[in-house]
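User: Hi! I'd like to go through a structure with you and ask things as they come up. Ready when you are.

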Amino acid sequence: MIIRHQPYTLELRHAFGIAAHTRTTTPATLVEIEHAGLTGYGEAAMPPYLGESQASAAAFCNRAAPLLAAVRDPFQLEEILPALDALAAGNTAAKAALDIALHDWVGKKLGAPWFRLWGLDAAKAPVTSFTIGIDTPEIVREKTREAAIYKIIKVKLGRSPESDREMIEAIRSVTAAPITVDANQGWKNRDEALRMIEWLAGRGVVFIEQPMPKEQAEDTTWLRARSPLPLIADESCQRLADVARCADSFHGINIKLMKCTGLREAHTMIRLARALGLKVMLGCMTETSCAISAAAQLSPLVDWADLDGAVLIKNDCFDGATIVDGKITLPERPGIGVVKK
Ligand code: MG
């Protein structure tokens, strides 16, 4: 099995602001694994604040190359993926790229998309939200108008109570669509956070993603007991081992392939979350249709999806899952369902 990898810079359509910063590009690495005449595609998307880079992804792929070269049976994902995970700590996006490429290869070899191999009904894929970053009221209104096909708007909050209220009021001046809120750990005081959630509950907000810093688990547990809206863990829930702990402080978890090392672990996290009575959301970074289509294979299993990553970029180099009238639509192509443009 041969691995190829190359850096690829994702160019955002609009500058994207979250609680801590604003950016216009996202570094990514595209991966291909080739074996027996078939190629599987994968992708690592690496927003800089998460600590990975095109250089670290290249280093990880090079480290993985001898292990992959020794693989005789690519169907043995339960052997190969834990061995890749054990090569180094962290590197979750680079690991996800290899996991996605291996799944793509296996699905192609079997001639079936992964949603079928998992026994899922593509018609149950949810609508996806469309994300609006922190911006001025004029730009927020403009982006909300552009997002008219989406049935749910996701809004980034967490800079200040004044800015948060201004963002919501700007959206509400344009649409009555349900809103989901992502505070990205921006609310540091639990009483203020509760007051904000109570205000949001009266404005058609469906849930709150990561209201407080992950270090403030006790405050989040306090908030969970009082919040009129469900709280969803994002920064607090990276991998499988985090899921059980989140059951005390949150009503649900947001799973992203780039955090959890890929499809194999994401599928297990969904099962565990369900056993613990948690809601499940499937999220993404800014990504091409490669990683988005991989995540979309799991989407019939979740309550909410935020898989707009490929729509937010202007240089998507794959065709894959599409969004039709706001709903995730899975192609019948095998593997993760993508072709290179
Ligand atoms: Mg989030």
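User: Leaving aside neighbours within four places in sequence, which residues is Met 269 in contact with?
Analyst: Met 269 is in contact with Cys 237, Gln 238, Arg 239, Leu 240, Val 243, Ile 253, Ile 255 and Cys 260. Contact means heavy atoms within 4.5 Å. Before we go on, this is a predicted model, where local features need pLDDT of at least 70 and side-chain atom pairs count only at pLDDT 80 or more, while totals for chains, interfaces and linings use all residues. Residues are numbered from 1 along each chain as its sequence is written, and side-chain values use heavy atoms, with hydrogens and water left out.

User: Thanks. Is Met 269 buried or exposed?
Analyst: Met 269 is buried, because its relative accessible area is 1%. Buried means under 20% relative accessible area, exposed means over 50%, and partly exposed is in between, with a 1.4 Å probe and protein chains only. Met 269 belongs to helix H11, residues 263-275. Helices (H or I, at least four residues) and strands (E, at least two) are DSSP runs, numbered from the N terminus.

User: Which salt bridge does Glu 209 make with a lysine side chain?
Analyst: Glu 209 meets Lys 154, at 2.9 Å from N to O. The pair links distant parts of the chain, with Lys 154 in strand E5 (residues 152-156) and Glu 209 in strand E7, 55 residues apart. Lys 154 and Glu 209 are both buried. Salt bridges with shared partners also join Lys 154, Lys 156, Asp 182, Glu 209 and Asp 306 into one network. A salt bridge here is a side-chain nitrogen of Lys or Arg within 4 Å of a carboxyl oxygen of Asp or Glu.

User: How many salt bridges does the structure hold?
Analyst: There are 20. One of them pairs Arg 4 with Glu 32, at 3.0 Å from N to O. Arg 4 is in strand E1 (residues 2-17) and Glu 32 in strand E2 (residues 22-35), 28 residues apart. Arg 4 counts as partly exposed because its relative accessibility is 35%, whereas Glu 32 counts as buried at 16%.

User: What about Asp 85, which side chain does it meet?
Analyst: The side chain of Arg 239, in a salt bridge of 2.8 Å, N to O. Asp 85 lies in helix H2 (residues 77-85) and Arg 239 in the loop between E8 and H9, so the pair ties together parts that are 154 residues apart in sequence. Arg 239 is also among the contacts of Met 269.

User: Now the sheet. In what order do the strands come?
Analyst: The open sheet has 8 strands in the order E4-E5-E6-E7-E8-E9-E10-E11, with parallel pairing. E4 (129-132) and E11 (304-305) stand at the edges with a single partner strand each, so one side of each has no neighbour in the sheet. Two strands pair if DSSP finds at least two bridges between them.

User: How many bridges join E7 to E8?
Analyst: 2 bridges, and these strands run parallel. Ile 208 stands opposite Leu 231 in E8.

User: Last one: what is phi of Gln 185 near?
Analyst: Phi of Gln 185 is near 70°, a positive value in a residue other than glycine. Most residues other than glycine have a negative phi. Gln 185 is in the loop between E6 and helix H7 (190-201), and counts as buried because its relative accessibility is 18%.
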